[in-house]
There are 2 protein chains.
Amino acid sequence: MKYNILEKCNLLGLKMTEQRKIIIQVIVDSSDHPDVELVFKRASKVDNRISIATVYRTIRLFQEHGIIDKHEFGGSRSRYEKASDIHHDHLIDIKSGKVLEFKNDKIEALQKEIASKLGYELVEHRLELYAVPKGCASIGKDK
Amino acid sequence: MKYNILEKCNLLGLKMTEQRKIIIQVIVDSSDHPDVELVFKRASKVDNRISIATVYRTIRLFQEHGIIDKHEFGGSRSRYEKASDIHHDHLIDIKSGKVLEFKNDKIEALQKEIASKLGYELVEHRLELYAVPKGCASIGKDK
DNA sequence: TTAAATGCAAATCGTTTGCGGGCCC
DNA sequence: GGGCCCGCAAACGATTTGCATTTAA
């Protein structure tokens, strides 16, 4: 019931090219939710015959097959991470850009409840907390 | 302590042009979180001497001054609404695209608590529920 | 062998911007 | 009158796509 990415690709009948292997490896090894540019850079370091178009295509493909998850945090580019069986949300450190993951069942339950009260059935949700490390709260709070 | 948009613009020293008046009116009259294109269409109906560049500029300006709020729901375009004093989150009906607003203090409190536990101070958050009307749950659930 | 995947460059889409002319305060 | 604002069209950045070539199966 649990497959790794290579197995999932097989099941889906996707050809396993050198490029795809590298992109998969980069995604699996990255815990910082990289954007396409960054995945491209990291992949290029392994094998520079890879093109950014392929990275875009591959990431999109994987995303459409639920192999990786797409996020739109602060910036203009989308960011990605390996899909995980355990759902989680994100806290974005707006000082450093670092992204922490968390999970809270109470919030999940409340969301369902809210949707239900409004006459809806929850399909998915997006919860992002934008925060600053305790202490450096209002110091240099420019913008 | 409570000002309407015209007053806010005055306070900020913004010139009140015909275009801006119209754009403000369109935003105030819209409860469907329109994107720039739609604001432009509605504004043009009132006065077709308006250009989409002005709509982009004005909306951006207002947003930067906290006069309107920007959202990035499903699609590719950003959507906007008049800023309100009462914070609320959104439920997006993925069948119809309709957007409902809701407010839940328990969730707000939990978010602060989560951030705090992680060593952070919550600055802002984004919570969106994507849902389908009860009943038509899995019928025609074609992605 | 052959359908699918790649690289390249051009196209697309939403949004921003430089410029010369126009308009609010 | 002067500076902010406008319309226009060109520029932009992220992403997608058409096409000829390569490659996995």
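Visitor: In strand 4 of chain B, which residue is the bridge partner of B:Leu91?
Guide: The model shown here is a predicted one. Strand 3 (residues 89-93) and strand 4 (residues 99-102) of chain B run antiparallel and are joined by 4 bridges. In strand 4 of chain B, the residue that partners B:Leu91 is B:Leu100.

Visitor: Which residue in the turn of the hairpin of strand 3 and strand 4 of chain B has a positive phi?
Guide: The two strands of this hairpin have 5 residues between them. In that turn a positive phi of about 85° belongs to B:Gly97.

Visitor: At the start of helix 1 of chain B, which residue has its backbone nitrogen reached by a side-chain oxygen of B:Asn4?
Guide: Helix 1 of chain B covers residues 5-12. Just after this helix, B:Gly13 takes a positive phi of about 75°. At the start of the helix, the side-chain oxygen of B:Asn4 comes to within 3.0 Å of the backbone nitrogen of B:Leu6.

Visitor: How many residues apart in sequence are the parts that B:Asp32 and B:Arg42 tie together?
Guide: The side chains of B:Asp32 and B:Arg42 meet in a salt bridge of 2.7 Å, N to O. B:Asp32 lies in the loop between helix 2 (18-29) and helix 3 (36-46) of chain B, and B:Arg42 lies in helix 3, so the parts tied together are separated in sequence by 10 residues.

Visitor: In which helix do B:Arg60 and B:Glu64 both lie?
Guide: The side chains of B:Arg60 and B:Glu64 form a salt bridge (3.1 Å, N to O), and both residues are exposed. They are 4 residues apart, about one turn of the helix. In an α-helix there are 3.6 residues a turn, so residues three or four places apart point the same way. The element that holds both B:Arg60 and B:Glu64 is helix 4 (residues 52-64) of chain B.

Visitor: Does B:Asp105 count as buried or exposed?
Guide: B:Asp105 meets B:Lys103 in a salt bridge between side chains, at 2.8 Å, N to O. B:Lys103 counts as partly exposed at 47% relative accessibility. For B:Asp105 the value is 53%, and because the cut-off is over 50%, B:Asp105 counts as exposed.

Visitor: How many salt bridges are there between chain A and chain B?
Guide: Over all chains, the whole structure has 22 salt bridges. Between the two chains, one pair is B:Glu128 with A:Arg126, at 2.9 Å, N to O. The count between chain A and chain B is 2.

Visitor: Which strand of chain A gives the most to the side that touches chain B?
Guide: Strand 3, strand 4 (99-102), helix 5 (105-117) and strand 5 (120-133) of chain A each supply at least two residues to that side. With 14 residues, the greatest contributor is strand 5.

Visitor: What area is buried between chain A and chain B?
Guide: The contact takes 34 residues from chain A and 34 residues from chain B. In chain A, the residues that lose the most area to chain B are A:Tyr120, A:Arg126 and A:Lys134, which together give 22% of what that side buries. Carbon and sulfur atoms give 66% of the buried area, which is about 3300 Å².

Visitor: Which residue in strand 5 of chain B stands opposite A:Leu129?
Guide: Strand 5 of chain A pairs with strand 5 (residues 120-133) of chain B in the antiparallel sense, over 13 bridges. Within this pairing, A:Leu129 stands opposite B:His125.

Visitor: With which side chain does the side chain of A:Asp89 make a polar contact?
Guide: A:Asp89 is found in strand 3 (residues 89-93) of chain A. At 3% relative accessibility, A:Asp89 counts as buried. The residues that A:Asp89 touches include A:Leu100, A:Phe102 and A:Leu127. The polar contact, at 3.1 Å, is with the side chain of A:His125.

Technical notes
Residues are numbered from 1 along each chain as its sequence is written. Chains are lettered from A and ligands numbered from 1 in the order in which they are written. This is a predicted model: local features need pLDDT of at least 70, side-chain atom pairs count only at pLDDT 80 or more; totals for chains, interfaces and linings use all residues. Side-chain values use heavy atoms; hydrogens and water are left out. Buried means under 20% relative accessible area, exposed over 50%, partly exposed in between (1.4 Å probe, protein chains only). Contact means heavy atoms within 4.5 Å. A polar contact is a pair of N or O atoms within 3.5 Å; within protein, one must be able to donate a hydrogen and the other to accept it, and residues adjacent in sequence count only if both atoms are side-chain atoms. Buried area is the accessible area (1.4 Å probe) that two parts lose on being put together, summed over both. A salt bridge is a side-chain nitrogen of Lys or Arg within 4 Å of a carboxyl oxygen of Asp or Glu. Two strands pair if DSSP finds at least two bridges between them.
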